[in-house]
Amino acid sequence: MSLSCCWNRSKQKSGENKTLSTFGLMDPPTSPAAQNPSSLHSDSIISSLLSFPASAPFSIACSFDRELEKALASASGDASVQDRLLNRTIQLASLLLDSTERCFRKRASAHNSVAWVLPPELTVKVFSKLDTKSLMQAATCCTVFNKCAMDRSSYAHIDLTTATKQADNEVVCTMIHRAGKELRSLKLGHVTRRYGPDPAPTSIWFNGPFLSSLAYNNGFLGNRLRSLRLYNIRWMTCSSSFEVFSFCSNLTDLRIVGSNCPFRQLFMILTKKCRLIEHLCLGTYFPLGTMDASTVSHLIELVTKSPNLTSLTLLCFQLTNDMARNLVESCRKLKYLNFSRSPKINGHFLRDLGNSCKESPLETLIMRNCVKLEEKEVLELCNMAYNNGFLGNRLRSLRLYNIRWMTCSSSFEVFSFCSNLTDLRIVGSNCPFRQLFMILTKKCRLIEHLCLGTYFPLGNIDASTASHLIELVTKSPNLTSLTLLCFQLTNDMARNLVESCRKLKYLNFSRSPKINGHFLRDLGNSCKESPLETLIMRNCVKLEEKEVLELCNTLLKGNFKFIRHIDVSSNNGLVSDDGRRSYKPKFPVEKLKEERPDVTLVADFPLERSGKRYHVGVEGDDEELKEIEMMEVENDEEDDDDDSSEDDDDDV
């Protein structure tokens, strides 16, 4: 159902009484004494019709046909008189149908008001958490929901990113006015990006300044807005469109992505009117031209005059090293910095930054896909961490993807200065993990999320490396998420890892070439009260069908009470009892749905040599981890292509 249809239906429900009043026959009398003889006669006829004895529909239809034909025959031979008679009959039948539908809705509403357990104030609070399209759909369900959906608080956080096709000027302005003084946040446009030769999503076009409602009554609504996020909206190319920000003086979160807008004008207005910004995100999908000195000076002035700014994201900006350094030095409270896809930055500013901002509170630094970023500058950043770890001790999250210098064991000494790390991800580097495990065990005891992986299976993990890995997991009391991709783990190692971490909620052993799943059976017996919620074992080539079946039986017995999501999908199927590949295993899926409806079992196995590949995402994974898994799938396809070429050579 489209958003405009939902909106119209919700308006019809809220204005139903006004609609009814347009029909003279539907106005109920104030009292029986006030009824005239004509009304009493009409009521008597309708009462007789409603008390009509039960009979076959065909018989009733025949009776109507006979009486209508008699009425037409008794009428004058004038065709216009007969037409009026037929039109009057249709009108009466329509009124009877409308009255019946209204009574039906009233009874349903009365039932819902009794059956719905939440009081109106809690229902409104729930509705305020919905995106706007879902809210409109809920408003059409019944009168109770419609009444709650008309409350201003339900529109405090307007989210039209799921209804980009229906969100036009009229809809946006209406939603803003419905929120009124309760308006707090507004999201518009396409959020997701496409992958491929044209990464930019379809832009949203509006036929006018649809945010003009924020400026009404001297910015009464705009002053209540705290968060504004606009994605891929073409009207932003007009500099006059930014004048609306003059009325949004209480903005704390601003994101404008996918619009090649005149940023100089934007920076000037924000500097004058929006001094409370805490999170600023600006970006395009294609690099802008060289930023002139005036634009840069206004950007630095904006950052300097935003004392609460803690998060700054500038995507695909033509920033130089001097510009980047000046920006960071101008903001003393900055904790999150993202200069991804900046085509000119080579990282040299980091060296100067380490000397001038030794006490910087910066916690997260992201410079992904910076084509001119130099290896020596990244090494210099690591070397600066040696200086008593003044930067490393402030680091909370570190994610490294496909960095070749990680093959040097001495590179891991930098982790000695990162004692406050809670999130560590190293993917795509065949590094000496034994050395890494030893340093992390000694220095990084606060890790909550650990993700390590390669794109090609490592050699056998010796006893020493395995013991250091288990020691790391054991001495990380806060560890809740563990991902080991493409590791040569045995069943015993896997079982010991899970048993060593009592708080583990997320476990991913995807592409482990040795695990057959036998450890799950022992795990079900020894860790019945495990808090594990998500288990992923995708593309484990030796995973056996009988072990997954045993896991299902363990779930049916009531073990793993907290498990919610299991993924055993594989492009190569499962190993059956006779040693062949099984692509259609028989699992008790229906029984599992009945007895454990809270558990989702994902088991997708494409047909052999079909060329089809499944990618199954996990709810709760962030965007970067999904990209990792996408790269795994691409790598699997390359491996399959290599295997196919080898088979062809053998045939020749």
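I looked up the largest cavity and found it lined by Leu 520, Leu 532, Leu 535, Leu 551, Leu 555, Phe 560, Ile 563 and Ile 566. The model I am reading is predicted: local features need pLDDT of at least 70, side-chain atom pairs count only at pLDDT 80 or more, and totals for chains, interfaces and linings use all residues. I number residues from 1 along each chain as its sequence is written, and side-chain values use heavy atoms, with hydrogens and water left out.

**Entry on cavities.** Grid points are joined across faces, edges and corners, and a volume is the space filled by probe spheres set on the points. I count 3 cavities of 30 Å³ or more. The largest cavity holds about 40 Å³ of space. What classes of residue make up the lining of the largest cavity? I find 8 nonpolar, no polar and no charged residues there. For these classes, Ala, Val, Leu, Ile, Met, Phe, Trp, Tyr, Cys and Pro count as nonpolar, Asp, Glu, Lys and Arg as charged, and the others, Gly among them, as polar.

**Entry on cysteines.** A disulfide is a pair of cysteine sulfur atoms within 2.5 Å. I count 0 disulfides by that rule. Cys 103 is partly exposed because its relative accessibility is 47%. Cys 331 has a relative accessible area of 7%, so Cys 331 counts as buried.

Helices (H or I, at least four residues) and strands (E, at least two) are DSSP runs, numbered from the N terminus. Two strands pair if DSSP finds at least two bridges between them. In strand β6 (residues 311-315), 4 of the 5 residues are buried. Strand β5 (residues 279-283) runs parallel to β6, with 5 bridges joining them. One of the bridge partners is Leu 314 in β6, for Leu 282. β6 is also joined to strand β7 (residues 336-338), by 3 bridges and again in parallel. There Leu 312 stands opposite Leu 337 in β7.

Which elements make a β-α-β unit with β6? They are helix α13 (residues 321-330) and β7, and the unit is right-handed. Right-handed means that, with the strands pointing away from the viewer, the path from the first strand over the helix to the second runs clockwise.

The loop between β6 and α13 contains Cys 316. Cys 316 is not a glycine, yet I read a positive phi of about 65 degrees for it. Cys 316 is buried because its relative accessibility is 2%.

**Entry on β11.** Strand β10 (residues 423-427) is joined to β11 by 5 bridges, and they run parallel. Leu 424 has Leu 450 in β11 as its bridge partner. β11 pairs with strand β12 (residues 481-485) as well, in the parallel sense over 5 bridges. Cys 451 stands opposite Thr 483 in β12.

**Entry on α9.** Why do I call helix α9 (residues 169-179) largely enclosed by the rest of the structure? I do so because 9 of its 11 residues are buried. Among the buried residues of α9 are Asn 169, Cys 173, Met 175 and Arg 178. Gly 180 follows α9 and has a positive phi, near 55 degrees.

**Entry on single residues.** I looked up Asn 539 in the loop between β14 (534-536) and α20 (545-556). Asn 539 has a positive phi of about 55 degrees although it is not a glycine. Its relative accessible area is 10%, so Asn 539 is buried.

Thr 271 sits in helix α11 (residues 263-273). Is Thr 271 buried or exposed? Thr 271 counts as buried, at 5% relative accessibility. From Thr 271 to Lys 305 I read 34 residues in sequence and 6.7 Å in space, C-alpha to C-alpha.

Pro 588 belongs to the loop between β17 (581-582) and α21 (589-595). Pro 588 is partly exposed because its relative accessible area is 22%. Pro 588 and Cys 552 are 36 residues apart in sequence, and 7.2 Å apart in space from C-alpha to C-alpha.

Terms used
On a 1 Å grid over the protein atoms alone, a cavity is a set of points where a 1.4 Å probe fits but cannot get out, and a pocket is an open set with protein on both sides within 12 Å along at least five of seven lines; lining residues have an atom within 4 Å of a point. Buried means under 20% relative accessible area, exposed over 50%, partly exposed in between (1.4 Å probe, protein chains only).
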